[in-house]
Amino acid sequence: MPFRPLLAAAAALTLAAAAAPAHATDTVGRTTAEQRIAGAQRAPGAFSFLRPAPGQGYAVRQDGVGTARDGREQRRRSLLYFAQLSDFQLADEESPARVEATDPLELIFTAAWRPQEAIMPWVVDASVRQVNAFAQRSPVRQGDGSGAGMALALTTGDNADNNQRNEAEWVARLLEGGRLDPNSGSSDPADYAACPPGTPGPEEAARYTGVQDYDDYAESAQFYDPDQPAGPYASWPAYPGLMDRAQRPFDATGLKVPSYIVLGNHDSLVQGNEDATAAIEAVAGGCAKSITPSQRAADPLAGLTASTLTSDPSKAFLVPPDRRRRFLTKAEYRRIFASGAQKDAHGFAFVDPEQARASNGAASYYSWTPRPGLRLVALDTVSEGGQAGPSADGNLDDPQFRWLTALLDRAEQADELVILLSHHGPTSLTSTVPDELAQACSTSDPEAHDPNPGCDRDPRDSRPIHLGDDMLDLALEHPHVIGWVAGHSHINDVESHARKAGGGFWVIRTSAEADWPHQDRLIEVMDNQDGTLSLFGTLIDGAGPVEAPPAGTPAAGLDANQLASVARTLGYNDTQAGGGTGEGTDLDHNVELLVQDPRRTAPNIAPGRKKPKLKVAVRPRRVRAMRRTRFRFRVTLDGRPVRGARITLGRGRARTGRRGRAAIRLRIVHRGPARVRAGKTGYRRAVARIRVLPRR
């Protein structure tokens, strides 16, 4: 189970004592160990601008997973250094398929709308520029004083907000660089033929048309309009023209290192909840956008059906249509990233061909080794059944779980360290919805755009569905798993999971770019060369000034850095996900996480350290020679079953399952004792004896 110790009992917390200089209002090239960003204590109806704050050093955590040995700072050597970005939730804020109207209800959808959402492409670009500032050299020094170069960056899901083509294309452009147009709305007059009279024409497509501009519709005070803040936003700063400024095309910087993608629920489901159907897709590309909550107040999820999105034309306003709002199948999503400059398709080229064939092109999970001896495993935790509510959280279907089990076995045999990557962390793997509850497919062609894009293309049975406990058990059964990096929860959080026999792994979650504190994390695996490893996590803020432009500044003149700064300030003040919700504790920020090195080939093993010893039980324990017998085995460690142990009895071979059990049917020829051997990488072998009686 997760272990969250008190600060005083956990480990040493080293603080960077020096306060940020008064002039240090920019963040570029500064980690949060050097400078943090803070705001005033929020009060109802008040608005707080941000300011620089003193940096925070590294919390050294052991938690029974590893031991901090003296002198490791002079011995440590980098094995892998990478960046984690998560939860961009790039939103086509003008799309009729969005459900901002449910946001004020605060029943379930408390993030259906964000005051800074139109500026998110600029926020992500600022984060990319900050990651690039640390690409050449890690902020954590090796024993020889040098800093390792960054190998890669990864996004742990929810890159897009609504499973739309245009959103995914924005993600690809931000990662690779180049011209990006963050606006939507068609400039082709022919696309307006089916729209009702009064629909804004192509000339409006270049501007913002949405819920944050009260010139577009008759509602008031429900959302923050930077032209005329009102209602609960009356104390918020006015930035005249901000929404239109956010729609302008710009040149995205692009990452200096290869980037890899993990799918999240918002990448694959409508609003991160519902499987995409033909009816909802027709709404998305059309002209009518709902602006009031569903009348079925007892059912806040009703807004995710085509009928409720269009049920009352008097409670909608008209927007320019756009065919690029088409929803994506998983194959279409992967193709967007395969069409760019990165030859491995941002990881999707590593999908196992056998899994791709068996799933009819649905499999989007993969693994690769960016450095010899270290394997990264990108999981697909999307609850593809798409039932609004539970499917916001995740699961693993059985075919993927079996693939993962076999992969972890092979990694141990190869003596590879393993880090799992997923959108949902283990505490968010709670959806029991099977994939088969999605709409049926209309075509068997895995490359085609199905009329129901969210249909279940995988012919394999998804059941039994595997949740967080299954995944934790599986990881604990494989000592070479040392880390699990995830997003989804929009919070900085670090949890330890210790194995009874010693060692364990760390779950590292990093806050969303979409919400405060809008941070990313630099992660590095260090070999301390004393039988332990250290996983360093260093939080970084996006590039740009800490202090946003003053209220009343015309937005037309704001540059890219200033736009990102405005978005960060709005995010801090968001009443639903602002200051106090996503930061985590001091033990979740800048961390050094110790873990026992499970490798057989580790350069130095700590004195007195022994591999844990397995125990094997066999039934029956007495047989007659030449009589064919079914032998049953159970392998345990400290009373807990061990999956994947190899059983050998004569010429018989077997491997234990989830309950640590296996069976072999065999005829023993010679009388006398017969030995049963049970082994697994990282453990000492167990032996049991069977008494073989003379043949009758």
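Guide: A disulfide is here a pair of cysteine sulfur atoms within 2.5 Å, and in general it is a covalent bond between the sulfur atoms of two cysteines. The model you are looking at is a predicted one, and a search of the whole structure for such pairs finds 2 disulfides. If the bonded cysteines of the protein chain are numbered in sequence order, the pairing reads 1-2, 3-4.

One of these links joins Cys195 and Cys287, whose sulfur atoms are 1.8 Å apart. The torsion about the S-S bond of Cys195 and Cys287 is -45°, and the link is left-handed. Cys195 sits in the loop between β6 (178-180) and α5 (242-245), while Cys287 sits in the loop between α7 (278-284) and β9 (288-290), so this pair ties together parts that are 92 residues apart in sequence. Buried here means under 20% relative accessible area, and Cys195, at 14% relative accessibility, therefore counts as buried. Cys287 is buried as well, with a relative accessible area of 9%.

The other link is formed by Cys441 and Cys455, with their sulfur atoms 2.1 Å apart. The torsion about the S-S bond of Cys441 and Cys455 is about 95°, so this disulfide is right-handed. Both Cys441 and Cys455 lie in the loop between β13 (417-421) and α12 (468-476), so the pair ties together parts that are 14 residues apart in sequence. Cys441 counts as partly exposed, at 29% relative accessibility, whereas Cys455, at 8%, counts as buried.

The loop that holds Cys441 and Cys455 lies between β13 and α12, and from there we can turn to helix α12 itself. Of the 9 residues of α12, 7 are buried, so this helix is largely enclosed by the rest of the structure. The buried residues of α12 are Gly468, Asp470, Met471, Leu472, Leu474, Ala475 and Leu476. Packed against these buried residues are helix α11 and the strands β13, β14 (481-486), β15 (493-498), β16 (504-509) and β23 (640-641).

Among these neighbours, helix α11 (residues 398-413) deserves a separate look: its axis and that of α12 come within 11 Å and cross at roughly 15°. Angles under 35 degrees count as roughly parallel, and α11 and α12 are therefore roughly parallel to each other. The crossing in which α11 passes α12 is right-handed. On the α11 side, Phe401, Leu404, Thr405 and Leu408 make the contact, and they meet Asp470, Met471 and Leu474 of α12. Sorted by class, the contact of α11 with α12 has 5 nonpolar, 1 polar and 1 charged residues.

Helix α3 (residues 120-133) and helix α13 (residues 560-573) pack with their axes 8 Å apart, at an angle of about 110°. That angle makes α3 roughly perpendicular to α13. The crossing of α3 past α13 is left-handed. Here Trp122, Val123, Ala126 and Arg129 of α3 make the contact with Ala560, Asn561, Leu563, Ala564 and Ala567 of α13. The residues in the contact of α3 with α13 comprise 7 nonpolar, 1 polar and 1 charged.

Methods: Residues are numbered from 1 along each chain as its sequence is written. This is a predicted model: local features need pLDDT of at least 70, side-chain atom pairs count only at pLDDT 80 or more; totals for chains, interfaces and linings use all residues. Side-chain values use heavy atoms; hydrogens and water are left out. Helices (H or I, at least four residues) and strands (E, at least two) are DSSP runs, numbered from the N terminus. Buried means under 20% relative accessible area, exposed over 50%, partly exposed in between (1.4 Å probe, protein chains only). Axes are lines fitted to C-alpha atoms, for helices over the stretch in contact, and angles run from 0 to 180 degrees between N-to-C directions. Angles under 35 degrees count as roughly parallel, over 145 as roughly antiparallel, 65 to 115 as roughly perpendicular and the rest as oblique. A crossing is left-handed if the near helix is turned anticlockwise from the far one by less than a right angle, and right-handed if clockwise. Contact means heavy atoms within 4.5 Å. Ala, Val, Leu, Ile, Met, Phe, Trp, Tyr, Cys and Pro count as nonpolar, Asp, Glu, Lys and Arg as charged, and the others, Gly among them, as polar.
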